[in-house]
Amino acid sequence: MIIGSHVSMSGKDMLLGSVKEALSYGANTFMFYTGAPQNTRRKAVEELKVEEAKALMQENGIELKNVVVHAPYIINLANTLKPETFELAVTFLKEEMERCQKIGTSILVLHPGSHVKAGDDAGLQQIVNGLNEALKDTGYQGKIALETMAGKGSELGRTFEQIRFIMDHCQYPEKLGVCLDTCHIHDAGYDLSDFDAVLDDFDRIIGLKHLLVVHLNDSKNVKGARKDRHANIGTGEIGFDILNGVAHNERIKDVPKILETPYINGKAPYKEEIDMLKNQTFKNIE
């Protein structure tokens, strides 16, 4: 099982600190932001202690190909109403790809975007336009993993068909893949109680070969609520048995699983949650 969590990248150790944090959880992969997800301020890659981080990863069996970068939330390629917002999204996505290229990671998770009352069709086409612009003339060797979304507000990517539309109409489909978020698809209305049926649906519409990463999260909401509120593993509406089954499903055993569950009393729960999934036994850690 390739499993880890979101980790921070701050302080003097930067990416080296991210690796240390992941190891403290018993993880063999991790996900990080190259800077704060709410803004565009970024340190130069040369300041991130990348080579020291890679050396520690190699010592501990963490493969760089399984390490995930998450693009910041401020990127909204679906915005058709504010040209400056769309242009910022394209520019910053290009910069994020360049940073990933320098670091050496190959999976960049991206929220497709919100159409902001322009409608699904206009928003989806604008996402395609943005990806075409961002990927044009790029030397990026990795892939952008479009994340499945819960569908709150005007979010796009709430169905496999919407993700497929983006992939089909982008001029660079070989640069695209998918991040499947369990909380999001549950909130969007998919029934995870038969996860193999969900995978069958995904394979028919998108293709399992395009699944690059799974965000493994429980949900505080009932199925179909379209709200997107993560819960700790086994404490939400999806439940431990289903999420444990996702984590151990043989059809996606080579796909990295990343926890993005809430902190408990100000403390990261990831070591305990990873232990639960490794041992396949639920333990209440609240």
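The structure holds one cavity of 30 Å³ or more. This is a predicted model, in which local features need pLDDT of at least 70, side-chain atom pairs count only at pLDDT 80 or more, and totals for chains, interfaces and linings use all residues. Residues are numbered from 1 along each chain as its sequence is written, and side-chain values use heavy atoms, with hydrogens and water left out.

Me: Which elements give two or more residues to the lining of the largest cavity?
Reply: A cavity is a set of points on a 1 Å grid over the protein atoms alone where a 1.4 Å probe fits but cannot get out, and lining residues have an atom within 4 Å of a point. The lining here includes F30, F32, V50 and K54. The elements asked for are β2 (29-32) and α2 (50-59).

Me: How do the residues that line the largest pocket divide into nonpolar, polar and charged?
Reply: A pocket is an open set of grid points with protein on both sides within 12 Å along at least five of seven lines. Among the residues that line the largest pocket are H6, Y33, E147, D228 and H230. Ala, Val, Leu, Ile, Met, Phe, Trp, Tyr, Cys and Pro count as nonpolar, Asp, Glu, Lys and Arg as charged, and the others, Gly among them, as polar. The lining therefore divides into three nonpolar, five polar and three charged.

Me: Is E96 buried or exposed?
Reply: Buried means under 20% relative accessible area, exposed over 50%, and partly exposed in between (1.4 Å probe, protein chains only). Because its relative accessibility is 0%, E96 counts as buried.

Me: Why does the pair of R42 and E96 tie together parts that are apart in sequence?
Reply: A salt bridge is a side-chain nitrogen of Lys or Arg within 4 Å of a carboxyl oxygen of Asp or Glu. R42 forms one with E96, the closest N and O atoms being 3.5 Å apart. R42 lies in the loop between β2 and α2 and E96 in helix α3, so the pair joins parts that are 54 residues apart in sequence.

Terms used: Points joined across faces, edges and corners; volume = space filled by probe spheres on them. Helix = DSSP H or I, 4+ residues; strand = E, 2+ residues; numbered from the N terminus.
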